[in-house]
Structures are given as structure tokens and as C-alpha cells.
Amino acid sequence: MGQTATLAINGKSVELPIVVGSEKEVGVDIAQLRAKMGAITLDDGYGNTGACASAVTFIDGEKGILRYRGYPIEDLAEKSNFIESAYLLIFGELPTSPQLAEFKQHLTDYQFIHEDLQHALAGFPPNAPPMAILSAMINAAGCFESDLLESHDDKNIGEMAARIMSRVRTIAAASFKKHLGRPIIYPRSDMSYTANFLHMMFSKPYENYEPDPEIVRAVDQLFILHADHEQNCSTSTVRMVGSAKANLWASVAAGVCALWGPLHGGANMEVIDMLKRIHEGDDTAQSFIAKVKDKNAHAKLMGFGHRVYKNFDPRAQIIKKACDRVLGKLGIKDPLLEIAKKLEEAALHDSYFVERKLYPNVDFYSGIIMRALGIPTDMFTVMFAIGRIPGWIAHWREVNVNPHGRINRPRQIYTGPTLRPYAPIEKRG
Ligand code: CMC
């Protein structure tokens, strides 16, 4: 018998198995707790709850480590590309050349969306939030995948993954054009995944945008850095929805909705708004930091802090360097970058942030790169979503193939009124 933990409640005790992960992290398996003790655990916000065992991504938040399937994020960001990293996440291994070629071919084969989807797109008002469009259009696109929409057969996962990844990119670019009131640009079969995205975003009819390879590389790297992050809010949502045996399209669309929130993926837009406000003179870096520390002001330093990282976020470090490189290459001097660096410097030397172990996260500098590339602020979270799709697919697949998987259904401690008699309306008040 392996190690156990003993839990005692009111003189009665139970032995709970200890589960050890491949990186030696320790969990207490409480699956039998309620049956044996009549008690559940309570963990508001899930800060101490392992919702599943997963083989996709490893994070050590104390050491600032992030690995996809065992490979350090630094290596993947420098040496890999988004499609190869996506393949790694979804299939568990880096692809061989024929495997990669086949996956890329699938992505090209499925890059078009059904023409009828343009009617769905046309129904959104011009100022519709792109994350609303993306989420709705993923479900709408699923309606055109009747052969695979309800498939739970793992042999189809490659094709399903390629369809979602490729079409999400086409939908994202189309939603941008819709926002501008411009014609939709069709994908090109001769371009890589990321170059093709930039082409659909920035080409105009009869005026092709030929993306600079360095810019393509920068966007590709952003996608790699966003591709997975273990049990974050949107991925947990995808797993939760998938646990009900909902199809991949529905599960991914739910993930998009969770990512939209400003405490999650939506933070990349909030960072730019915050930096702009400071630039426009409402605040200085110092006065903003003072405001953030004042609990009555209810302000947060957006792009700072993380549930898991209590040391640097390795993605933020890579993005900060890329920021300097991309802005240098484009010859852009963005005052927001200077403000961001000042804020970071001030926060890292301030006891409020030091004591709470708050460091810049992935969203702190990513918006500055995207701004420099001409991507409008309200598309930032969509960019995050395009990057995160492979991670969501990998997690949905893990849930789907788990032979012991059960519907995710947490319990609660009820704090509402106890039993009371129904009062007729004339006797209320
Ligand atoms: N600015 C000021 N104070 C902060 C911040 C911040 N950005 N983040 C945390 N704190 C404080 C918080 O008020 C609390 O203080 P106290 O102990 O005095 O009550 C303490 O630090 C612990 O924070 P918490 O809210 O308990 O931490 P959490 O793990 O629940 O929240 C977080 C994590 C990322 C939601 C939070 O740090 C935050 O709101 N950051 C700003 C939004 C943001 O950048 N989100 C992107 C996260 S990374 C990408 C992604 O996952 O999408």
C-alpha cells in the first residue's frame, strides 16, 4: 500500500491515499471522503483542488517553470513553431516530418468556412465584441461539421483538431473585417498558419499584404506561449463541458466565453487601457501603484499576479524581450512600453507586490506587441484564444478518452435558509 494521509473529524478518522505526480507533486485523493466521513472539502476558487490528473502541461509556480509535455516553454518558443507545438500538445509527442506535413495539409484543407456562415457573421452588429462573435461562430461552424460534430472516436481527433484550429483562425480574421465593415479575405493555401492569419487580417481586395517573416515569427511565438496553461479557468471550463460528453466545438466555444473575462484572457485588453489612461495623464506610474494599494480604490495592476506563479511568469519574460525586438524591427517607439517598464520596476520594488509575490504575467507585455503589429485592442483576447485552441483540444481529448471519466459535478456547502413554510402572497411583506 502506498502513502496515506489521515484525516480526523469528531474523533472518527479515515486514511486517504496520496497520489504523487511525475514531477513529485503530492495530492490527497479524497474520492472516498464523503462516503466514509459524510464530509466534503471546501475550496472556494479551487486554489488547493486538483480537479484531475493530466499529462499535458506542467507548471511549477514557485520556480517559474512551464513545460508542454515535458518540453520547456523557453525551448519551444525559441526553436519550435505554433503548429509543431500544437501537435505536441494534442498528440503528446513532437511530430516527425511526415506527421507534421500531414497535419499542415489538414489545416490547409479545412481553412475555408462554409459560405453560409457569412450570413451568421452578417447578423452581428458592427460593434459586437469579437469574443462574442468567436464563441457563437465556433458553435455555428460546428453545425456544418455534421460528420464529426458528435464524434467521440479518438481516431478522428487529428481531423477534428485541424478543422477547429484552421477555421477558428479564418473566423477570427473574418470577425475583424466585419468589425471594420470591410470584405472578408479568403485564406491562401501557399501560406503557413500564422502568415495566412495575418494575410486574412491585413490584405484588402486587390491589395495583398505580404507579412514580414520576423513579424510572422513574433505572432507565431505569441501563439506558442498561449497554447496551454494546465487547469486555468477556460481550460477547466472546456474539461467541465467535455465531461458532460458535449462535443468538441461546444466545449471549445465555452472555453472562449471563460477566456473573455478580464481576470483571465481579457486582461490583455485591460492592460492597454490602463497604460493609455496613465499616458493620457490621469495617473503617473507611482500614483497608479498607490491607487492599486488602496483597497478602497478597487483598482488592480492589470497584467500582474497569477494564481499559480509566485515567482516570475516565464511567458512574460519571453514576451518582454520579443517586445523590444519587434518594436525595434518596426522602428516603433511606443510610450506605453516605457510606462509598462516603469510600472514593472516600481511594482517589483514595492513591498505590497513583493509580499504578495505579484509579478508581470503573460498579458502584461503581449498587448504592446500586438498594438505594434496593428492588431486592435478588442482583438487581443481573440489572439489569445487562437493560441489556446490546441491546449483546449488536448484537454478535451484527455477527458474524452479517460475510461474512468465521470461528469464533473462539484458539491457545495449550503448557506441559504433552512426549511420554511410557503407563504401565500397576501401574507408576505
Ligand atoms: N494588482 C493588485 N493587487 C493584486 C493583484 C493585482 N494585479 N493581483 C493580486 N493582488 C492582491 C489581491 O488583492 C490580494 O491581496 P490581499 O491579500 O491583500 O487581499 C493578493 O494579491 C492575492 O491575490 P488574489 O486575488 O487572492 O489572487 P488570485 O490567485 O485569486 O487571482 C489573478 C489571480 C490573476 C486573478 C489576480 O492576480 C488578478 O486579478 N490579476 C490582474 C488580472 C490579470 O492580469 N489576469 C491575467 C492572469 S494571467 C493570464 C490568464 O490566466 O488569463
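How many aromatic pairs does the structure hold? There are 13 of them, where rings of Phe, Tyr and Trp (its six-membered ring) pair if their centres lie within 6.5 Å. This is a predicted model, in which local features need pLDDT of at least 70 and side-chain atom pairs count only at pLDDT 80 or more, while totals for chains, interfaces and linings use all residues. Residues are numbered from 1 along each chain as its sequence is written, and side-chain values use heavy atoms, with hydrogens and water left out.

**Aromatic rings**
- The ring centres of tyrosine 352 and phenylalanine 353 lie 5.0 Å apart with planes at 65 degrees, so this pair is edge-to-face (planes under 30 degrees apart count as stacked, over 60 as edge-to-face and the rest as tilted).
- Tyrosine 352 is buried at 14% relative accessibility, and phenylalanine 353 is buried at 2% (buried means under 20% relative accessible area, exposed over 50%, partly exposed in between, with a 1.4 Å probe and protein chains only).

**Nonpolar core**
- The largest nonpolar core has 119 residues, and Met165, Met274, Leu275, Leu301 and Leu343 touch the most other members (a core is a set of buried Ala, Val, Leu, Ile, Met, Phe, Trp, Tyr and Cys residues joined through side-chain atoms within 4.5 Å).
- Helix 7 (residues 157-180) gives the most to this core, with 12 residues (helices, H or I with at least four residues, and strands, E with at least two, are DSSP runs numbered from the N terminus).
- Leaving aside residues up to four places away in sequence, methionine 165 has contacts that include Phe82, Phe103, Tyr193 and Ile393 (contact means heavy atoms within 4.5 Å).

**Helix 12**
- In helix 12 (residues 267-279), Ala267, Asn268, Val271, Ile272, Met274, Leu275 and Ile278 are buried.
- Seen down the axis, these buried residues fall within an arc of 160 degrees, so they line one face of the helix (the arc is that of the directions from the helix axis to the C-beta atoms).
- They pack against helix 13 (285-293), helix 15 (335-348), helix 17 (363-372) and helix 18 (380-401).
- Just after helix 12, glycine 281 takes a positive phi of about 100 degrees.

**Cysteines**
- A search of the whole structure finds 0 disulfides (pairs of cysteine sulfur atoms within 2.5 Å).
- For cysteine 233, the closest cysteine sulfur is in cysteine 257, 11 Å away and too far for a bond.
- Cysteine 233 is partly exposed at 46%, whereas cysteine 323 is buried at 0%.
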